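Please keep the sequence and the structure in view while reading.

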Amino acid sequence: ILGTPKSLVVALVRLCTSVTLISSFFSNTAVVALMLPVVLSWSRRINIHPGKLLMPLSFAAQLGGSVTKVGSSHVLVACDVTKERYNGGKGMDMFDIT
């Protein structure tokens, strides 16, 4: 998925897209923990300093976690708190936050 990009911008687009999609359905913390060694070895292979990829990794995971109901714990708490007031007592659906 990450491949061998020709520039930093292409590397960031590939990284952020894949991490955002993955963290939409899995825990942000788990995705970052899983992708950390992958990004470190990938950055060495493509000769880009890891520091330029690690912060975007974290931000992409946070963004993806906020897209769906199961992506992050703070969204689950918000869904539970607003259950009575939202959607006639039914609560939020999977993609209502987006």
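Helices (H or I, at least four residues) and strands (E, at least two) are DSSP runs, numbered from the N terminus. The model is predicted: local features need pLDDT of at least 70 and side-chain atom pairs count only at pLDDT 80 or more, while totals for chains, interfaces and linings use all residues. Residues are numbered from 1 along each chain as its sequence is written, and side-chain values use heavy atoms, with hydrogens and water left out.

**Chain as a whole**
- Of the 98 residues, 32% count as buried (buried means under 20% relative accessible area, exposed over 50% and partly exposed in between, with a 1.4 Å probe and protein chains only).
- Among contacts (heavy atoms within 4.5 Å) between residues at least 6 apart in sequence, 60% join residues at least 24 apart.

**Packing of H1 and H2**
- The axes of H1 and H2 are 10 Å apart, and the two helices pack at an angle of about 155 degrees (axes are lines fitted to C-alpha atoms, for helices over the stretch in contact, and angles run from 0 to 180 degrees between N-to-C directions).
- H1 and H2 are therefore roughly antiparallel to each other, a term for angles over 145 degrees.
- On the H1 side the contact is made by Ala11, Leu15, Val19, Ile22 and Ser23, and on the H2 side by Asn28, Val31, Met35, Val39 and Trp42.
- By class, this contact of H1 with H2 has eight nonpolar, two polar and no charged residues (Ala, Val, Leu, Ile, Met, Phe, Trp, Tyr, Cys and Pro count as nonpolar, Asp, Glu, Lys and Arg as charged, and the others, Gly among them, as polar).

**Nonpolar core**
- A nonpolar core is a set of buried Ala, Val, Leu, Ile, Met, Phe, Trp, Tyr and Cys residues joined through side-chain atoms within 4.5 Å.
- The largest such core has 14 residues, of which Leu15, Val19, Met35, Trp42 and Leu53 touch the most other members.
- Helix H1 (8–23), H2 and helix H3 (51–65) each supply at least two residues of this core.
- Not counting residues up to four places away in sequence, Met35 touches Leu2, Leu15, Val19 and Leu57.

**Arg45**
- Arg45 is found in helix H2 (residues 28–45).
- Arg45 is exposed, with a relative accessible area of 54%.
- Leaving aside neighbours within four places in sequence, Arg45 is in contact with Gly3 and Thr4.
- Arg45 and Thr4 are 41 residues apart in sequence and 8.3 Å apart in space, C-alpha to C-alpha.

Technical notes:
Angles under 35 degrees count as roughly parallel, over 145 as roughly antiparallel, 65 to 115 as roughly perpendicular and the rest as oblique.
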